[in-house]
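Take a walk through this two-chain model, one element at a time. Keep the sequence at hand as you read.

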Amino acid sequence: MSRHKIVRTMNLADELDDFDGEDDYYEEDEGMSPADKARMANSLRQVREVIGDDIPTLTDGKIEETLWYYYFDVERTITYLLNQVGASEKKKQKKAAVPEPKAREYFTTISSISPEHTSPGFWDDTPFGSIPPGRRGELLPPPSPIGFRMSGLLGGSGIQPAKTSKLAALAKARNKAKAEKASDTTSSGTSGTAVSLLDRLSKKKPDIPPATRETPASAAPTVPNISKLEQLVEKTTPDLPKNEPVHNTPSIPGPEPDTVLKAAPSGFAKSMFGKRIDETVEFKQEVTDTELIYFSIAPTQKAAMKAKQAFDVPSPDDVVIAAQSQSKGISKVSKGEKPSSSAITSIQKGVEALKVADTSEKPVPAKIPRNKLDVVAEYEKSKSKRKENANLVVIGHVDAGKSTLMGRLLYDSGVVDERTIQKYKQEAEKIGKSSFALAWVLDQTGEERARGVTIDIAVNAFETERGRFTILDAPGHRDFIPNMIAGAAQADFAVLVIDSSPGEFEAGFNVRGQTKEHALLVRSMGVQRIIIAVNKLDLMHWDQERFDEIKQQMSQFLTTAGFQAKNVSFIPCSGLTGDNIVRKPADGLVPWYSGPTLVEELETAKPVIKAIEKPLRMTIADVYRGGVTNPVTISGRIEIGNVQVGDLLVVVPGDEKATVKGIEVDNQAAEWAVAGNNVQLHLAGIEMEYLKIGDVVCRADSPLMPLKEFEAKILAFESLTPMMIDIHRGRLNASGRITKLVATLDKGNGSVTKKKPRYIGPGSLAVVNIAVTGAPLPLEKGSKIVLRADGLTVAAGVVE
Amino acid sequence: MRLIKQQVERDGSGTVTLYPEEPEDMWHAFNLIRVSDTLRASAVRRIVSESSTGSTSSSRVHMNLTITVDKVDFDSQAGQLHINGRISEENKYVKIGAHHTLDLELNRNFTVGKAEWDSVSLGVVREACDPAEKAEIGAVVLHEGLANVCLITEHMTVLRQRIDVSIPRKRTGSITAFEKSMEKFYETIYQSILRHLPIANLKVILLASPGFLAESLQKYIFAEAVKTDNKVVMGAKPKFVTVHCSTGHVHALNEVLKSPAVIARLADTKYAKETKAMESFFKMMQTDEDKAWYGPKEVERAIEKGAVATLLVSNSLFRSNDMQERRRYVRMVEEVKASGAGEVMILSSIHESGVRLDGLGGVAAMLLFPLQDLDESDEEEAAEEANDAEDNENL
């Protein structure tokens, strides 16, 4: 989750607009079925019986909301409500002081949602529990309900009633801070950020005994802490609208170190952030660094020591803050430093940087300072520090279980949380497709869910201890092969999912089945490594014979398709049950298999080496509004070359120029990106209308010349005559015509076997001329293209 | 089109007077009128007259002009035909040799004079004046982000509007942008259908797409028609047919027109027959390649051997300005007809099937019996050429 999104979700207006998870929640509420309503009425009565009518704050609406939240679990609802009443009564006294209704609304929303996530032990059985604390931040996208887990309002389960008092104290302390905060706050955007920071900060407070927290003396240190956090944020994001008074608030308690900090913020910040910038990639470590620096100058009282203890371990919040500080704002602070540091390292590099600078001196539509980095050198430097990201495309016949398998993988590796899955399960059951729940993680549009078919590729990322992976879940239905091609074009390797149930493998494997077509397609797009996931073996009672039969047939086919045996591996698994995907199958379930699980096998796959020093080429995979500050954002995978902030780009076909305002690599802000990275480029100086999915962006000094007619060397899958075809290249889908069959070639040595053939038979290698029907296409020598006609892939080849 | 007067002498020369009634007739006229023909039609010309004192006055005069055709230009979108030429008959306003561009108009006679009325030209006249019921259909082929709204008449496929929009893809956590722009995409198509397709006069309106788009579009259209109380669309509900095709490009019409659902409704129309013929040719190419040949030389040889069962010719060949070449194709058509065994189909080059045939060089034949190596000498020639080239290089 990018920080842009974090910031955005803090903004109330935007949140209401875009916030998916919560939207769903409300929609669900409105769309209650009659059966649910009956249950609701019944449960409401039960709750009323227990609680009684004497608590004025407990409206029917509130109870209903809670009931719905727990899905009619009366017991949990009551526990939660009782706790809630206890907490809210104390809160109320403080709330009167809060002048900003918006912020309050925000809070009530949170508190009405939060409790379930905080029940102790709730997360123990999920993979979250075992993730090292330093990495948690990345796995906690704030817009998702996990964010609210930190809001600190406990309860719900009621297993530990002792906690309530602590909580009450906590809520009180927080409200106090909030009241001070809110009185200063003017802009809602900033207040959102600040409040949520406070909010998260409070999560760690339970360590401190409530008694100490209540005394005004010890309450003070926490306030400066917060203020410093804010200062940190402010310094790092000078662009954002900020409110000056924030500085002054903490100075009322007036601990000396605070004034020290105020006296020389810029130098300090510089040294602090300069260091950070040098280590953009590995930010886990530097978080600890900043934190140490930061807390060592905290008030030297007892409380400070305690605070330090409490904050010794980098919490998810710190990670988030640190990440925020890396956003554009901080990059501006650091801009003066970065080139100089690289210049020191080598003169040659400086010369190279100058060379780059020469080319960028053309008129720029919007002035965005360019750092003149030597991206190649930067890349080499950072190589050892970060995990390489590999893209994998998931392919296979329709209904082979691709999306379910990937949903399972994301769920088991902790990217998707339990609650989301539960929600999907309930919704899927409602429409009688309970086995599709896992697939809904990836199939998000209404149509996809209603029909149970993936239509477009879904992109998701997950991380293991040894690598980062971006999943491109491709549709299996033959109508959506263009979308699958778009996914395969971005992939380093492929996972081919095969349905092992009786008749299904055969259906996918016959002439019109997609198993073969997909495998051929990914091969012709340059994918060499393929992992065959033999899925749904639970239906076959983990029958070894079936596995071997499929393995034997597939091996034979893949060899003829051009995959080397060493690049093909077979994994028996079940997406629905999750056996042998992330976790090993239960003992004795698959006695005949002792190999790696799917994820272990993925980890052995290495991303393909890319030409990063060549001129930039990136096919636009998506164009959208990247948020308030980034009205035009494009995403895609850099195919060749590199890009950095400030680069002047040109969109081909066409002559529209744009400047790179910001780069996100794998949803992390970056100064540069190289081939192989999945990037989002925030552009300036261009309108969205000029950017089309399938266009190619290049650096303005080395543009691509679009082609109207070209010659291509192709491998025919079907027989070809001069005919109308669809030309596909990644997201690009255009119409064209084979105008001339130039020659057929010998497969072995490439020599011409027949000039001007009348037609080209399936399986032969040939050279043809292709004319584009519409506007010229952004193709160049070496571009890999796929030709389709009448719903079949007829050929794949390379532009000559 | 109505035939007003036909005056063709024994030697083939003569004139034909025609009365165009509908836009499609312009297409027939386009196929009929060639360079060096004479054409007489009504025209408005600006006449500048100079008085004895030297002052000039200009006035627009309506008159009938006869020109010798230099250039024929057809605008299929607007259904207009512009013919450039030089005046060949003098009248009191214009001199011989002055240039004029005639725009043929509906409901006004025009007269074409040719030195040689061959069977193909007369065939065009006959076909144009065939009063058989005309079946026009509307078709929308689409895929995500691209839609082509077409009008298919007996002899023409007219692309009325191409809608090409960028649709953001689904992204994790945010599908609102996608759904919003899909809605907008449907809206644009709906408006385009209302504006460009004469729904009441059409026999059927095909909505074709891969996947479920066509169905969604159909749902959208009727929902919108109910919402806006559009009686025309609601009344035409049974006319809307969804068909599957593999892409949203115009050439997907080939696929659409051969689908069983469409054939059942349009079996006897000319374009359905043409599509079917092209389809069977390509099928034969794959299954029985020695019986399917394309290219002028190859087909000519097959005709010499009397082997042609069906000859497919694109009418673009007959529009050739080179009389020799045109005669060559006319001879091919006449020979096949004369042989008695063969059938000739002249495909309209602006139907998708005709475009496909043009891709093969405009002429193709399905044979009665397999023939091999019809292209052999071609290769010899090519080899010779190559040798020559080498020799030249050596020299």
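In strand E21 of chain A, A:Ala771 is the bridge partner of A:Arg737. Strands here are DSSP runs of E with at least two residues, helices are runs of H or I with at least four, and both are numbered from the N terminus. The model is predicted: local features need pLDDT of at least 70, side-chain atom pairs count only at pLDDT 80 or more, and totals for chains, interfaces and linings use all residues. Residues are numbered from 1 along each chain as its sequence is written, while chains are lettered from A and ligands numbered from 1 in the order in which they are written.

Stay with E21(A). E19(A) and E21(A) run antiparallel, joined by 8 bridges. Two strands count as paired if DSSP finds at least two bridges between them. Strand E17 (residues 709–716) of chain A also pairs with E21 (residues 765–772), antiparallel, over 7 bridges. There, A:Glu711 faces A:Asn769. Strands of a sheet pair through backbone hydrogen bonds, either parallel or antiparallel.

Now move to an open sheet in chain A. Its 6 strands follow the order E2-E3-E1-E4-E5-E6, with mixed pairing. Strand E2 (458–463) and strand E6 (568–572) are the edge strands, each pairing on one side only. From one strand to the next, the twist averages 25 degrees; axes are lines fitted to C-alpha atoms, for helices over the stretch in contact, and angles run from 0 to 180 degrees between N-to-C directions. Helix H30 (residues 514–524) of chain A packs on this sheet, touching strand E1 (389–396) and strand E4 (493–499). The direction of H30(A) makes about 150 degrees with that of E1(A). Strand E5 (residues 529–535) pairs with E6(A) in the parallel sense over 5 bridges. A:Ile532 stands opposite A:Phe570 in that pair.

Cross to chain B. An open sheet of 4 strands runs E13-E16-E14-E15, again with mixed pairing. Strand E13 (292–294) and strand E15 (343–347) stand at the edges with a single partner strand each, so one side of each has no neighbour in the sheet. The twist averages 15 degrees from one strand to the next. Strand E14 (residues 308–314) and strand E16 (residues 363–367) of chain B pair antiparallel over 5 bridges. Within this pair, B:Val313 stands opposite B:Val363. Helix H9 (residues 296–304) of chain B lies across E13, E14 and E16, at about 35 degrees to E16(B).

Finally, confidence. Chain A averages a pLDDT of 72, and 60% of the residues score at least 70; pLDDT is the predictor's confidence in each residue, from 0 to 100. Over residues 21–29 of chain A, pLDDT stays under 50, and the model has 4 contacts there beyond four places in sequence.

How values were computed:
Contact = placed C-beta atoms within 7 Å.
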